Each structure stands twice: as C-alpha cells, then as structure tokens.
Amino acid sequence: MTVKLFYSDPYLREVRAKVEKVEVKDSKVRLKLDRTIFYPEGGGQPGDIGIIKGDGFRVEVEKVEGKEDIWHEGKVKGRIPEVGEEVELELDWEWRYENMRQHTGQHILSAILKKMYNSDTTGFQIFPEYNKIEINFDEELTWEHILAAEFEANEVVWDNLPVEVEEYEELPEEVHNALRKDLSKNVQGKIRLVKIPNIDLIPCGGTHVKNTGEVGFIKVLNFYKKTKNIWRIEFACGYRALIYLDKLLEDYWRSLNEMSNKNRPLLERMQEFKQLLEELEGEKDQLRKELWEWKSKALLQEAEEINGIKIISFLDTWEMKDAQAFIVYFIEKNPKTVVLIVGSNYLLFAKNKNIERISMNELMREVLNEVGGGGGGSEILARGGGFKRSPEEVIEIAKKFLKEKIKED
Ligand SMILES: [Zn+2]
C-alpha cells in the first residue's frame with residue numbers, strides 16, 4: 001500500500017520516496033512507490049502531473065492511478081529506475097493547487113445550491129479550463145437562481161472560513177445525519193469528511209485548500225438542462241476563472257472592434273448588423289430578379305422553335321443551386337419552353353408544365369446513357385452529374401435528343 005501524503009499535507013510539493021515496483025511499457029515506465037504526494041485521478045479531480053527523478057533518470061509523470069497501490073506513469077529520460085532505490089518527487093504545483101481551489105469551490109457552490117434550492121449535486125468533473133457539476137432542479141433553472149447562488153457562494157469564499165478534514169473509523173449517528181450527501185458504498189477503511197463549519201459536511205477523497213479565501217472567487221460560466229430535472233452548471237474558480245473571463249473579454253472587445261460603430265453594447269451592434277444583412281439580402285434578391293429578366297429576354301431571342309416549342313440551351317458557370325433557381329423561375333414565366341443548362345459538373349433540364357408528353361426525366365436518362373454519370377427527377381425538372389464528356393459535347397447531345405423527341409411528337 002502506498003502512503004498518501006497528499007491527505008496528511010495537501011500542500012507538500014516535494015518529497016523523497018522509495019520505488020517498490022517498476023513496469024516498462026514502450027517508452028513509458030510505471031512506478032509504484034512506498035509513499036507519494038501525487039493525487040490519483042478520482043472523484044472528479046484529475047490526477048497530478050510532475051516529475052520523479054533519481055540518479056540517472058527523470059520521469060515526466062502524466063498519469064497517476066490506483067486506490068491502495070498508487071502507480072505513476074510517464075515518459076522516462078535516462079535509465080529505467082530500479083526497485084529499492086530512492087527517488088525525488090516534485091509536483092506541478094500550479095496544476096495541483098488550481099485543482100484544490102476548483103474542488104473546494106465546488107464544495108461551497110454545491111452546499112449553497114443544496115441550502116437554497118434543495119438541489120443535490122449528482123456529478124462533478126474538473127477540466128483544465130473549467131469545472132462542471134450536475135444538479136437536480138425540478139423547475140426551470142434561470143440566471144436569477146444561478147446568480148443568487150453564486151453571490152452566496154462567494155460570500156462563503158470571502159468569509160475566509162477554515163476547510164477542515166475529519167477522519168472516522170465509524171461515523172457517529174449525529175455526524176452521519178449532518179452529511180450533505182450520504183457515504184458512497186465503495187468507501188473502505190477510514191471515512192474522510194470535509195467540513196466548512198456551518199456551511200458543509202461531506203465525505204470526500206479529494207484534495208482541498210485549507211481556507212475558503214484561497215478559492216479566490218467562484219464564477220458560473222454557463223448552465224443548461226441535461227435531462228428533465230438534471231441541469232449542468234459550468235463554473236471556474238481562482239486563477240482559472242480569471243483566465244476564462246480574460247479570454248471571454250478579449251473575444252468581446254475584438255468582436256466589438258470589428259463593428260463600424262464600436263460603442264457598447266455589442267448586442268445592439270449585432271442587431272444593427274443583422275438588420276443591415278437582411279436589407280442587403282433583399283437588395284440582392286431584387287438585383288437577381290432584374291438580372292434574370294434580362295437574361296430571359298436574351299435567351300428567348302436566341303431560342304430555336306420547333307413545332308411551337310422554344311428550345312433554350314446554354315453552358316453556364318453558375319453553381320448548380322443558382323442555375324436551378326433560374327431554371328425554375330424561367331419555365332414558370334414562359335409557356336411552351338424547354339431549358340437545358342450544362343455546367344462544369346451538372347446538367348439541368350426543365351420544361352414549362354403546358355408542354356405535354358415530353359419527360360425531362362426520360363430525356364435525362366437517355367442523355368446520361370450516352371455521356372455517362374447519374375441523375376434523375378420528374379416530368380418537369382431533372383438533374384444529373386458525373387458525365388464523362390465535355391460540357392460542350394453534352395449540351396449538343398442533349399439538344400439533339402430533345403429535338404428528336406419534339407419531332408416524333
Ligand atoms: Zn472534495
């Protein structure tokens with residue numbers, strides 16, 4: 001069993017220990033030590049990172065796991081450590097201390113949510129940039145609820161209350177009754193309670209700061225519904241909260257700076273921007289219609305007429321969706337017309353619905369048989385693509401087949 005020094009003194013950053021077991025895995029080693037300051041991942045708190053070094057080697061610890069025996073895994077530089085030798089352990093203190101601040105902040109926030117709304121915290125996870133809890137809350141959770149709880153939680157931070165750890169072999173009934181959350185069935189050995197006097201009492205196996213003031217402040221960043229009565233709350237504490245807000249503010253000011261009017265609030269500028277965009281869209285539609293009208297006139301003048309049906313065909317550089325919008329507009333306005341458009345990688349055939357018998361779908365099938373590719377559609381409109389011949393050849397073939405159909409008719 002590894003002695004867990006992070007419990008007796010969570011502020012211990014360096015210590016010496018003895019190697020008890022060694023495993024080698026590719027370029028990594030796994031070390032089991034007689035004692036450790038490295039916290040193994042668990043209870044929502046990530047494992048510690050840091051360095052284990054000895055005479056002739058240095059392990060960059062990236063993963064720590066285990067309950068009784070604690071294993072430290074990482075890349076090794078130099079020789080492989082040996083069983084029985086002494087090593088020096090050095091925590092990445094910034095990482096660990098921030099995790100302690102986040103974890104303690106979570107106890108405070110969860111305690112306040114329980115006190116104010118009788119919400120239980122059912123999940124907790126620390127991520128590198130923020131933390132997440134899940135709570136039950138039967139109604140609609142709002143920013144009003146959240147901000148009221150956040151304010152109370154920060155009052156606890158600023159009151160500089162002690163965070164105490166009590167260990168029990170067995171819980172006295174009055175202590176058991178005072179717990180915010182019942183003991184997990186997995187707890188073996190000593191029962192470890194974390195207490196903030198008059199605020200919170202809960203069994204916990206993580207590491208915490210010794211005074212609520214060290215949390216710095218607690219900031220809720222976002223919240224959303226996960227299931228019917230389970231809500232997720234994202235928050236950050238201490239230095240991570242500051243970093244998060246700095247990034248958010250940078251994003252805010254840079255966004256505002258992109259606007260022609262750079263005065264707050266950004267929301268008003270965005271609304272103006274949206275309105276402008278809608279106006280421009282309207283103008284664009286108007287211009288497009290005018291362009292289509294001109295184009296239609298020119299196309300009708302060049303049209304070839306057989307048996308009273310006008311054939312309009314052209315190659316185009318439009319995107320397919322634009323060509324389709326035009327073709328639909330055109331055939332609706334012009335009776336007795338058939339339009340064939342070939343782009344670099346598509347074919348579009350359409351006819352005015354007054355023309356009977358000739359099917360665009362059928363014409364498409366015949367043309368594709370000749371030029372390769374695939375497609376389909378209806379009597380009125382058909383689309384295809386993937387042809388193996390040049391667009392110039394394809395449009396000539398399509399025209400030829402169409403004329404034959406009109407003449408047969
Ligand atoms: Zn805890």
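User: What are the ground rules for the values and numbering?
Analyst: This is a predicted model, in which local features need pLDDT of at least 70, side-chain atom pairs count only at pLDDT 80 or more, and totals for chains, interfaces and linings use all residues. Residues are numbered from 1 along each chain as its sequence is written, and side-chain values use heavy atoms, with hydrogens and water left out.

User: Why is glutamate 73 called buried?
Analyst: Buried means under 20% relative accessible area, exposed over 50%, and partly exposed in between (1.4 Å probe, protein chains only). Glutamate 73 has a relative accessible area of 6%, so it is buried.

User: What makes glutamate 73 and lysine 25 a salt bridge?
Analyst: The term requires a side-chain nitrogen of Lys or Arg within 4 Å of a carboxyl oxygen of Asp or Glu. The closest N and O atoms of glutamate 73 and lysine 25 are 3.6 Å apart, and the pair therefore meets the definition. Glutamate 73 is in strand S7 (residues 71-78) and lysine 25 in strand S2 (residues 14-25), 48 residues apart; helices (H or I, at least four residues) and strands (E, at least two) are DSSP runs, numbered from the N terminus.

User: Which network of salt bridges includes Glu73?
Analyst: The network links Glu73 with Glu23, Lys25, Arg30 and Glu65.

User: How do you know that lysine 25 is partly exposed?
Analyst: Lysine 25 has 41% relative accessibility and therefore counts as partly exposed.

User: Why are glutamate 272 and arginine 269 about one helical turn apart?
Analyst: Because they are three residues apart in helix H6 (residues 266-302). Arginine 269 is buried at 7%, whereas glutamate 272 is partly exposed at 42%.

User: What does the salt bridge of aspartate 316 and lysine 295 tie together?
Analyst: The N to O distance is 3.6 Å. Aspartate 316 lies in the loop between strand S17 (309-315) and helix H7 (320-333) and lysine 295 in helix H6, so the pair ties together parts that are 21 residues apart in sequence.

User: How many salt bridges cross the interface of domain 1 and domain 2?
Analyst: The rule finds zero there, while the structure holds 37. The bounds, domain 1 (3-91) and domain 2 (97-255), come from an automatic or database domain assignment.
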